[in-house]
Every structure is written in structure tokens, then in C-alpha cells.
Amino acid sequence: FALAGVWHMEKFMRADWRRQRELEEQRQHLDVQSALANGMKSIAERLCDLVLWLGPDLCVMSDLVPVSAFFGRSMIGQHFCSAIEEFDRQRFCESLERASEMRIPQCVPVTFTAGRDGG
């Protein structure tokens with residue numbers, strides 16, 4: 001009986017160690033992704049006229065002063081594609097697909113419709 005107890009304890013400890021190791025690997029992976037995203041954010045904010053944060057439904061989540069001033073209205077809740085020119089929409093959607101598949105942020109310059117209704 002003692003041998004069976006030791007065996008079960010060893011099995012439990014190994015499973016716990018394995019879970020801890022997997023969690024640590026996931027945490028490290030998330031740290032790398034977060035650092036990459038923060039780097040992309042910093043670069044975009046320095047090089048781009050406007051930086052918009054989009055939700056999973058592609059609606060604008062941020063409404064910073066430069067964004068509202070550029071569009072002449074608040075963009076919160078507006079679908080991003082309504083603010084870009086028709087000829088850029090396909091390229092933008094392809095970039096989103098690549099970013100999703102590769103899990104790497106993408107940078108895509110687009111032409112905004114500015115004060116007009118973009119559809």
C-alpha cells in the first residue's frame with residue numbers, strides 16, 4: 001500500500017510540475033507578444049498621423065482628440081471600414097487575415113474618407 005501511495009503522489013507531483021511548466025511557457029509567450037505589441041504601438045504613434053484602436057468587430061474603441069479633430073466627429077462605435085476609402089478596404093481586410101493567422105501585428109497605411117460618409 002505504501003508503494004501505491006508513493007506512486008500516486010509521484011504521479012500527482014509530475015502532473016503538477018508539467019502544468020506549472022506549461023503555464024510558465026504560456027506566460028513567457030504572452031510577455032513576448034505584449035512586448036511586440038507595445039513596440040508596434042510606440043512606432044505607430046511616432047510615425048503615423050493617427051492611431052486608432054479597434055475592437056474585434058472593427059469598431060473604433062478610442063476617441064483621442066486628434067482622431068475626433070481629424071474626422072470632425074467622435075469615432076467611438078463607428079465601423080472602421082466606413083472611414084477608409086473603398087480601394088483600401090480589401091487590402092486592409094487581407095492584412096487583418098494575415099495578422100490573425102500569423103498572430104503578429106500588421107501595419108497598413110490607408111486613405112481615410114475624412115469628413116465624407118465612406119459607406
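Biologist: How many aromatic pairs are there by the rule you use?

Modeller: Rings of Phe, Tyr and Trp (its six-membered ring) pair if their centres lie within 6.5 Å, and planes under 30 degrees apart count as stacked, over 60 as edge-to-face and the rest as tilted; by this rule the count is five aromatic pairs. One of them joins F70 and F112 edge-to-face, at 5.6 Å centre to centre with 70 degrees between the planes. Because F70 lies in helix α2 (residues 65-71) and F112 in the segment after α3 (86-102), this pair ties together parts that are 42 residues apart in sequence, where helices are DSSP runs (H or I, at least four residues) numbered from the N terminus. The model is a predicted one, in which local features need pLDDT of at least 70 and side-chain atom pairs count only at pLDDT 80 or more, while totals for chains, interfaces and linings use all residues. Residues are numbered from 1 along each chain as its sequence is written, and side-chain values use heavy atoms, with hydrogens and water left out.

Biologist: Is F80 buried or exposed?

Modeller: Buried means under 20% relative accessible area, exposed over 50%, and partly exposed in between (1.4 Å probe, protein chains only); F80, with a relative accessible area of 6%, is buried, whereas F70, at 40%, counts as partly exposed.

Biologist: Which residues do ring pairs link into a cluster?

Modeller: The cluster linked by ring pairs consists of F70, F71, F80, F92 and F112.

Notes: Helices (H or I, at least four residues) and strands (E, at least two) are DSSP runs, numbered from the N terminus.
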